[in-house]
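I open the notebook on a new model. Entries follow in the order I looked things up.

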Amino acid sequence: MEIKQGTLQRKMEARHLLMISLGGVIGTGLFLSSGYTIHQAGPVGTILAYAIGAVIVYAVMLCLGELSVAMPQTGSFHVYANRFIGPGTGFTVAILYWLTWTVALGSEFTAAGLIMRNWFPHSPTWMWSLIFMIVIFLSNAFSVRFFAETEFWFASIKVLAIVLFIGIGLLAIFGAFHVQGYNPQPLFHNLYADGLFPTGFKGVFTTMLTVNFAFSGTELIGVTAGEVKDPARTIPKAIHTTLWRLIIFFIGSITVMATLIPWKQAGVDQSPFVLVFKSIGLPFAGDILNFVILTAILSAANSGLYASTRMLWSLAHENTISSLFGKTTRHGVPLLALVASMLGGVLALLSSVVAASTVYLVLVSISGLAVVLVWMAIALSEINFRKSWVLSGRPLSELKFKTPWYPVIPWIAFIASLLSCVLIVFDPTQRTALLYMIPFVLCCYGVYFAKTAIDKRSGGRHGSGADDAEFDGDFAIGGDGAIDIDGGAEANRAVDGGAVAENSEVAAVSAVAEAAEIAGERS
């Protein structure tokens with residue numbers, strides 16, 4: 001297979017991006033951990049927690065929308081953090097996001113193998129895990145178009161299952177189906193049977209990390225920005241649908257669950273979806289939901305491997321890690337980065353077997369908080385990007401997508417994400433995540449600055465950052481109005497169809513680059 005340097009392909013269409021962004025957020029968090037949230041926060045508390053989470057995510061996506069449309073880069077938020085916060089932060093964000101998905105890969109392949117044993121009880125779990133590893137690897141290895149198509153259909157199954165669940169649940173609530181243990185029908189009695197907040201109002205806030213975990217994956221819109229056709233049109237479309245789909249699919253599902261299941265019976269031992277279907281006597285409820293959950297797991301693994309691969313490619317493209325990870329096949333797939341990410345998932349899986357209470361516990365704790373830190377970096381990058389734009393003297397009308405109510409929305413996104421991290425201190429079961437995350441983040445910064453110092457001594461290049469004294473990459477305006485931040489003083493590389501078009505005469509707007517540095521200093 002021919003390997004070449006650095007070219008990706010814009011092969012994703014609008015329907016792919018819409019379904020990937022939708023499927024990315026509907027994962028095992030909704031199908032499994034939503035029961036834990038209901039048990040911890042109570043029915044109304046859970047609905048409120050998911051509503052707050054939806055607002056936070058939408059605010060983050062509005063920030064990401066402005067950045068991604070202006071600068072449609074693969075691995076986007078790592079590149080934006082690198083440029084508008086600092087190269088150390090950009091490196092840390094990329095490592096955290098890569099770790100989030102590779103750790104998830106290990107648990108997802110294990111979970112998929114365990115589900116298959118429900119139908120094939122005498123088969124070993126490792127065999128099914130290996131089969132699914134091969135399937136997901138091939139899905140990502142052929143081409144970005146093949147990945148997009150497989151993820152489109154994976155996500156379609158999940159969406160259909162959620163729609164049917166909400167529809168059947170509503171019919172059961174209003175008496176179309178008999179619900180076991182209730183005569184007459186429960187209606188909305190379970191929502192307030194033990195008070196609006198039976199575990200106390202603090203349960204709403206201590207479950208926010210679980211809620212944010214359930215919402216993780218929405219930011220995949222940004223990761224795909226460098227490989228989607230017509231990003232100026234498709235990204236805003238996907239962003240604008242974020243809020244209503246979170247409300248319909250998450251809050252709608254949670255409302256049905258909390259209405260039909262007494263909150264004390266909800267937990268993580270069994271999916272609340274299975275509990276609901278069993279309570280109304282739906283035949284083959286367990287098998288149907290196991291199939292849907294298996295699809296959700298494979299979809300999450302598919303998207304996770306894609307996201308982690310593009311993060312490594314982006315780091316290599318920024319000269320932060322070895323350029324070997326930036327090489328691609330003739331179909332535009334960064335194969336070496338793909339192999340490395342899959343190996344990371346396999347190692348995470350092995351650590352869950354041989355060091356479950358030490359290494360794996362630390363990895364899971366860190367990855368649980370990582371997405372929230374990524375959201376904070378997106379919000380801060382947007383704040384500094386807009387500052388640099390204004391300081392450069394360019395009119396806001398040139399931005400094809402603008403975050404509304406700036407700077408209120410970005411600061412809401414940043415502060416709310418920060419609070420969801422801090423508030424887990426009050427939950428003893430999740431407190432360790434914060435204790436592991438802080439030293440890990442410091443280590444990431446330490447590694448970056450140590451590598452920078454070594455590269456400077458050896459005369460090597462250590463990547464490009466906003467506060468890097470020798471940074472030579474000005475913003476450049478491409479033919480589609482997008483901004484290139486890829487060191488465009490010599491050439492602007494346009495990724496399209498696997499070919500790199502060298503536009504040496506592209507106009508460089510150096511004032512914006514200088515303003516970005518000023519904005520970074522002021523913030």
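**Entry 1: one side chain.** I started with Ile134. Its relative accessible area is 45%, so I log Ile134 as partly exposed. That label covers values between the 20% and 50% cut-offs. The model is predicted, and I keep that in view for every entry. I then checked where Ile134 sits, and the residue is in helix H6.

**Entry 2: the patch.** Which helix gives the most to it? I noted helix H6, residues 125–141, with 4 residues.

**Entry 3: a helix pair.** I moved on to helix H15 (residues 285–317) and helix H16 (residues 335–354). The two pack with their axes 8 Å apart, at an angle of about 125 degrees. H15 is therefore oblique to H16.

**Entry 4: a residue on H16.** I picked Leu347, which lies in helix H16. Buried or exposed? Leu347 has a relative accessible area of 57%, so I write it down as exposed. The cut-off for that label is over 50%.

Entry 5: I followed Leu347 to Leu105. In sequence, 242 residues separate them. In space, I read 9.8 Å from C-alpha to C-alpha.

Methods: Residues are numbered from 1 along each chain as its sequence is written. This is a predicted model: local features need pLDDT of at least 70, side-chain atom pairs count only at pLDDT 80 or more; totals for chains, interfaces and linings use all residues. Side-chain values use heavy atoms; hydrogens and water are left out. Buried means under 20% relative accessible area, exposed over 50%, partly exposed in between (1.4 Å probe, protein chains only). Axes are lines fitted to C-alpha atoms, for helices over the stretch in contact, and angles run from 0 to 180 degrees between N-to-C directions. Angles under 35 degrees count as roughly parallel, over 145 as roughly antiparallel, 65 to 115 as roughly perpendicular and the rest as oblique.
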